[in-house]
Amino acid sequence: MNASPPQLCATVRTFAQRLSSTRRGARLARLLAVERLTAWGMSSRVIERAEHIVAELAANAALHGRVQGRDFLLALTLDEAVGPLRIAVSDTRGECRPAIPPEQSPDDESGRGLFLVDALADRWGTEPRPPSGKTVWAEIDQPGEQPKAVSGQSGGQCR
């Protein structure tokens with residue numbers, strides 16, 4: 001009798017929530033992400049990095065990607081077989097793509113958020129979200145996983 005070898009079932013975990021394009025919605029996005037990642041049993045190091053990334057991307061969606069009466073979308077995806085945690089924040093202002101400012105003065109009161117995302121994420125970027133939006137995403141590799149590429153950005157700056 002030939003028995004086939006046991007196959008491991010890879011789990012894909014997802015979480016998505018629409019939130020109001022307000023400071024309160026951005027704060028709630030951060031809190032929900034931490035709660036979800038904790039429930040998934042993620043390491044505290046990954047949760048801390050993800051918390052800061054979600055805070056920055058959600059704040060940008062509420063501030064720069066806001067369209068009156070439209071929400072932004074927070075999505076978390078973890079494919080345990082493939083690896084990285086993917087954080088995606090989508091808003092309805094597709095013409096306004098984020099970019100790291102070329103020069104930053106020490107006295108500037110804003111504009112450092114994408115520097116943080118770039119430092120904390122293993123990769124990040126933007127993609128269109130038809131019909132008129134965009135998604136800004138970031139990935140965090142899991143411990144023991146090899147990084148696949150360097151972080152990057154695309155699109156024009158919007159402030």
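Reader: What is the order of the five strands in the open sheet, and how do they pair?

Author: This is a predicted model. In it, the order is 1-2-3-5-4, and the pairing is antiparallel.

Reader: Which are the edge strands?

Author: An edge strand pairs on one side only; here those are strand 1 (12-20) and strand 4 (123-129). On average, neighbouring strands of the sheet are turned by 15° against each other, direction ignored.

Reader: How many bridges join strand 3 and strand 5?

Author: Seven bridges, in the antiparallel sense. Strand 3 covers residues 85-91 and strand 5 covers residues 133-140.

Reader: Which strands does helix 1 lie across?

Author: Helix 1 (residues 23-39) lies across strand 1, strand 2 (71-79) and strand 3. Helix 1 runs at about 160° to strand 1.

Reader: How is the packing of two helices described?

Author: By the angle between their axes and the distance between the axes. Helix 1 and helix 2 pack at about 155°, with axes 8 Å apart. Angles over 145 degrees count as roughly antiparallel, so helix 1 is roughly antiparallel to helix 2. The crossing is right-handed. Contact residues include Ala 26, Ala 29 and Ala 33 of helix 1, and Ala 50, Val 54 and Ala 58 of helix 2.

Reader: Which residues of helix 3 are buried?

Author: In helix 3 (residues 113-120), Gly 113, Leu 114 and Val 117 are buried. They lie on the same side of helix 3, because they cover an arc of only 90° around the axis. Their cover includes helix 2 (44-63), strand 4 and strand 5.

Terms used
Residues numbered from 1 in each chain as written. Predicted model: local features only at pLDDT ≥ 70, side-chain atom pairs only at ≥ 80, totals over all residues. Heavy atoms only, no water. Pairing = 2+ DSSP bridges. Helix = DSSP H or I, 4+ residues; strand = E, 2+ residues; numbered from the N terminus. Axes fitted to C-alpha atoms, helices over the stretch in contact; angles between N-to-C directions. Contact = heavy atoms within 4.5 Å. Buried < 20%, exposed > 50% of the residue type's maximum accessible area, 1.4 Å probe, protein only. Arc of directions from axis to C-beta. Parallel < 35°, antiparallel > 145°, perpendicular 65-115°, else oblique. Left-handed = near helix turned anticlockwise from the far one by under 90°.
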